[in-house]
Amino acid sequence: MRRTVGQALLGLVVALAMLGSAQPAAAQIHLNPAYGDGALLGPTMARGAVVWSHGRSVDVEDSNAPTPLYMKTMKDAGWDVFRLDRMRVSDTLPNSSRALAGYADQLKDRGYRKVVLTGQSFGAFLSLMAAGQSDRVDAVVGTAPAAFGNFSDSYDSFRDNAAQLWPILRGIHNARVMLFFFHGDDFDPGGRGESARSILSSRGLDHIVVDQPALLTGHGAATTGMFVRRFGACILRFAEAPPRRGDPSCDESWGRTPSAELMRAAAPEPRTGSGTSSPAGTGARSFLGVWYGAYINGREIALAVDRVDGDAVYADYVLGPGMEADQPMERAQRKGRIENDELVFDEKGRNVLRYSIRTDGRLSATWLDRSGKGRLETTLRRMD
């Protein structure tokens, strides 16, 4: 009897659930669609299957952590995206990596042409280990790999985030490997980039190691919109094929070079009135000009300070498009003042913007939600 696509997909999900139930009851390790059952294309239509593995916390269930934004890049490109959800009670490196390797084999048995494992922190360790247990994994993308605590809370063991990583990399036979290490990651003992490249090269494995990319800091850097803007296209290329000479740079210039659209929008609009040379105006004049930067959420910003009139400073604030379709570019005229050497825009009912000039001539920029529930910080540089 002919099966519909929906029936085939339901069969896939049921089969995967049965594989999970074959684990010990305490294991509680499940493969789930990352975006709901209806988002799956199925083995014959999808470009491949990608499984994201979350981290592991001693305080909360990381199975509740949101799927990172860069996974949506793969979904939009035609990949079926899954999550390996695990409960803390039995989430160990041996248990979970063995289950993940089994799921990878199951996905290949179901007909997926490519199977890629991705993971954050503990999940990155699991993905790399599973690639050493199954020769049917095509690629691994690991962000901020860690499984032995951080500098602050686990000083005696956190160096194992390096020492235990090396034998895992040596155990991978076929999969190509992409790794990300971030500046300011409290779980990173340091120096892992070059050692990882050396081991992967000696194994003859195709690989890309991104070590401390600019503007991305901290253990959770890969969960941000900026990470997607900078590396989403490169991750997708790596998932689909080995890197080749002549490929575009893996590290996109987004956030360092302003888009033409943003700069056009940042061109100052005519205003009425004339500037003055009052003492307040003189101090404010150091802020005049067009400044550019980007928030960690993946939105460009430009601040065009074009006029000082007595105690008042006038500027156009431009916010580039967000990661979602309902986040278009925004532009607003703002009126602010100088307060303790800081340029402040805090008009009633509007988000608060605060800027101060750093010793290197750049601006420290802070955005505060008018309700007090949100805060973003970045650095802007002069563009004129």
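This is a predicted model: local features need pLDDT of at least 70, side-chain atom pairs count only at pLDDT 80 or more; totals for chains, interfaces and linings use all residues.
User: How many helices and strands does the protein have?
Analyst: Both are DSSP runs numbered from the N terminus: helices are H or I with at least four residues, strands are E with at least two. On that basis, the protein has ten helices and 15 strands.

User: Is Thr366 buried or exposed?
Analyst: Thr366 sits in strand 14, residues 363-368. With a 1.4 Å probe and protein chains only, buried means under 20% relative accessible area, exposed means over 50%, and partly exposed is in between. Thr366 has a relative accessible area of 13%, so Thr366 is buried.

User: Which residues does Thr366 contact, leaving aside neighbours within four places in sequence?
Analyst: Contact here means heavy atoms within 4.5 Å. With those neighbours left aside, the partners of Thr366 are Val352, Leu353, Arg354, Arg375, Leu376 and Glu377.

User: Which cysteines does a disulfide join?
Analyst: A disulfide is a covalent bond between the sulfur atoms of two cysteines. The rule used here asks for a pair of cysteine sulfur atoms within 2.5 Å, and the count comes to one disulfide. Its S to S distance is 2.1 Å, and the two partners are Cys234 and Cys250.

User: How many residues apart in sequence are the parts tied together by Cys234 and Cys250?
Analyst: Both cysteines are buried, and the torsion about their S-S bond is about -105°, so the disulfide is left-handed. Cys234 lies in helix 8 (residues 225-240), while Cys250 is in the loop between helix 8 and helix 9 (260-265), so the parts tied together are apart in sequence by 16 residues.

User: Which residues have the most contacts inside the largest nonpolar core?
Analyst: A nonpolar core is a set of buried Ala, Val, Leu, Ile, Met, Phe, Trp, Tyr and Cys residues joined through side-chain atoms within 4.5 Å. The largest one has 42 residues, and those with the most contacts inside it are Leu117, Leu128 and Leu169.

User: Which residues lie nearest the centre of the second largest pocket?
Analyst: On a 1 Å grid over the protein atoms alone, a pocket is an open set of points with protein on both sides within 12 Å along at least five of seven lines, and lining residues have an atom within 4 Å of a point; a cavity is a set of points where a 1.4 Å probe fits but cannot get out. Strand 11 (330-339) and strand 10 (312-319) each supply at least two lining residues of the second largest pocket, with strand 11 giving the most, four residues. Of the 18 residues that line this pocket, those nearest its centre are Arg299, Leu319, Glu330, Asn351 and Trp367.

User: How much space lies in the largest cavity?
Analyst: Grid points are joined across faces, edges and corners, and a volume is the space filled by probe spheres set on the points. The whole structure has one cavity of 30 Å³ or more, and its lining includes Pro33, Tyr35, Trp79 and Asp80. The space in the largest cavity is about 30 Å³.

Methods: Residues are numbered from 1 along each chain as its sequence is written. Side-chain values use heavy atoms; hydrogens and water are left out.
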